[in-house]
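Reader: I would like to go through the labels used for this structure and ask what each one rests on.

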Amino acid sequence: MFWTELCFIIVALMFGARIGGAFLGMVGGLGVGLLVFGFGLTPSSPPIDVILIILSVVLAASSLQASGGLDLLVQLAEKMLRRHPRYITILAPFICYVFTFMSGTGHVVYSLLPVISEVARDSGIRPERPLSISVIASQQAITASPISAAMAAMIGLMMPLGISISTIMLICVPATLIGVAAGAIATFNKGKELKDDPGYQRRLSEGLLKPIHTEKEIKVIAPRAKLSVIIFLSGAVLIVLLGLIPGLRPMIDTPAGPKLLSMSASIQIVMLSFACFIVLLCKPPVEQILSGSVFRAGALAIVCAFGLAWMSETFVSGHIDLIKSEVQILLHEYTWLIAIMMFFVSAMVSSQAATTLILLPLGLALGLPAYALIGSWPAVNGYFFIPVAGQCLAALAFDDTGTTRIGKYVLNHSFMRPGLVTVFVSVVMGLLIGKMVLA
C-alpha cells in the first residue's frame, strides 16, 4: 500500500505541476481525500500556523505594493545600474537579490528585467549574462527573506525544534549570497560578445530590434511610497529581532503555565499591524491590496500550503515506521540526498514554498539534523531546471537581442549554468555554516 500511495502522490504532483497555479493545492486536497477515504489513513492537521503566517506577510507586502513602495525600489535599482553599466553582470543579480529579500516576493524582478536588458544592450554587454543570473538570484533570495512565503513555511515547520527565524537566516543569507556571487562569476564571460554574436547581428540587420531609447520614461511614484518602504522594512527588522532576542516577546498564560509568545503568533501580529500602519499612514487604494500581483502570488502559496502540506503530512504520518526503517539510515548517512530531492521536486512543482511543505515534514519525521534541513534548503530553488517559471519566461521575452534562449534540447538553456552553480555552492555553504551554527 505504501508504494501504491506514493506512486499516486507522484502522479498527482506531476499532473498538478502540468496544469499549475492553484490546481497544485487542489491536487493536494484530492490526495488527502484518497489517502483517507480510499486507503484508510488518519488525516493529519492542516498547517494552520503556516497558512496564517503567509497570509499576514502577504497582506503587508501587498499594502507596500499598493502604496507604490515596489515601484520606488525599482526606480532606485535602475539609477544604480545606469550609473555602473559595465558591471551589470555583477550588480544586477545582487540588486535583484536585495529587492526580493526586502519585498519577500520574486515578482519585483519583472519590473527589473527590462531595465537590465536595456542597460546591458546599451553598454554592448550580452544581455543573457545579467538576465540569467538575475533570475536565479531572485529565486535564491526567497530562501533568505524573512518575509517570503517559503520562509513562513520554513519557520512554521522548524518551530517545534526550537529553531528561530534568526538561526535560519544566519545560515541561509550568507550561503545564498555566496552562491549568487559564484553564479555571477560563472556567467561573467558566458557566450559571445554582442558585436560577435551572429544571431544578434542578423536581428540588427533585419531591423527586428527596437531602437535604443536615449530618453528614459519617468514613472510617477506615489507621494508616500518612501514611507511605506520604511514601515514595511521596520516590520521585517522587528520580526528578526523578536527571533534573535526572545526576551522581547511577552509572557503569556497557557494551560501548561506561563511561556513566551510563539514566533508564529509574533510574526502574524507584527505583519498584520504593520500592514495596518501602511494603510493608515500611506493611504493606498485599499481595493488594490487584494488585486495586486503580490497578493495573488501569496494566495497561491496559501492554497499550496493547505493542500500539499496536508497531503504530505498525512502520508508521512501514516507510514512513519516503514519510512524510518527503509529511508532513515540512508538519509542520515548521506544527508545531502535531501538536497537532491528538494531540487528535483522544486523543478517539478515550480514553487519554493510548495517544495518546502512537501519535503520538510519528511525530513523532520526522519529525524534529520536541523543543520542538514536548513543547509540544504536553498536547493528548493531548482525550478529554473525546466525553464517554465514566470521569471525565466519574462527574461526570455524582455531580451530582444535573442541571446537569452532555450536551446534545441530544452535543458540547454541560458539559466542552466548560473542556476546549477548557484544552487550547488549555496547548498555546500549552507551545510558548512549550518554545521558550525547548530552542530
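Author: Start with helices α9 and α19, which are called roughly antiparallel to each other because their angle is over 145 degrees. This is a predicted model. In it, α9 (residues 165-187) and α19 (residues 416-438) pack at an angle of about 150°, and their axes are 7 Å apart.

Reader: What is the hand of the crossing of α9 and α19, and how do its residues divide by class?

Author: The crossing of α9 and α19 is right-handed. The residues of that contact divide into 15 nonpolar, 9 polar and 1 charged.

Reader: At what angle do α3 and α8 cross, and how far apart are the axes?

Author: Helix α3 (residues 48-66) and helix α8 (residues 149-158) have axes that come within 8 Å and cross at roughly 150°. The cut-off for roughly antiparallel is over 145 degrees, so α3 is roughly antiparallel to α8. Their crossing is right-handed.

Reader: Which residues make that contact?

Author: From α3 come Val50, Ile53 and Ile54, and from α8 come Ala149, Ala152, Ala153 and Gly156.

Reader: What makes one residue in the contact of α3 with α8 polar?

Author: The contact has 6 nonpolar, 1 polar and no charged residues. Gly counts among the polar residues, and Gly156 of α8 is part of the contact.

Reader: Why is α8 called mostly covered?

Author: Buried means under 20% relative accessible area, and 10 of the 10 residues of α8 are buried. They are Ala149, Ala150, Met151, Ala152, Ala153, Met154, Ile155, Gly156, Leu157 and Met158.

Reader: What makes α3 roughly antiparallel to α11?

Author: The axes of α3 and α11 come within 9 Å and cross at roughly 165°. That angle is set against the cut-off of over 145 degrees, so α3 is roughly antiparallel to α11. The crossing of α3 and α11 is left-handed. On the α3 side the contact is made by Ala60, Ala61 and Leu64, and on the α11 side by Ser228, Val229 and Phe232. By class, these residues divide into 5 nonpolar, 1 polar and no charged.

Reader: How many residues are in the largest nonpolar core, and which have the most contacts inside it?

Author: That core has 122 residues, and those with the most contacts inside it are Ile54, Ile168 and Met271. Helix α13 (residues 293-318) gives the largest share of this core, 11 residues. Apart from it lies another core, of 5 residues, including Tyr97, Ala137, Ala141 and Val180.

Reader: What is isoleucine 168 in contact with, leaving aside its neighbours within four places in sequence?

Author: Isoleucine 168 is in contact with Met151, Met154, Ile155, Met158, Ile163, Ile374 and Trp377. Met151, Met154, Ile155 and Met158 are among the buried residues of α8.

Reader: Where does leucine 248 lie, and why is it called partly exposed?

Author: Leucine 248 lies in the loop between α11 (225-244) and β1 (251-252). Its relative accessible area is 48%. Buried would need under 20% and exposed over 50%, so leucine 248 counts as partly exposed.

Conventions. Residues numbered from 1 in each chain as written. Predicted model: local features only at pLDDT ≥ 70, side-chain atom pairs only at ≥ 80, totals over all residues. Heavy atoms only, no water. Axes fitted to C-alpha atoms, helices over the stretch in contact; angles between N-to-C directions. Helix = DSSP H or I, 4+ residues; strand = E, 2+ residues; numbered from the N terminus. Parallel < 35°, antiparallel > 145°, perpendicular 65-115°, else oblique. Left-handed = near helix turned anticlockwise from the far one by under 90°. Contact = heavy atoms within 4.5 Å. Core = buried A, V, L, I, M, F, W, Y, C linked by side-chain atoms within 4.5 Å. Buried < 20%, exposed > 50% of the residue type's maximum accessible area, 1.4 Å probe, protein only.
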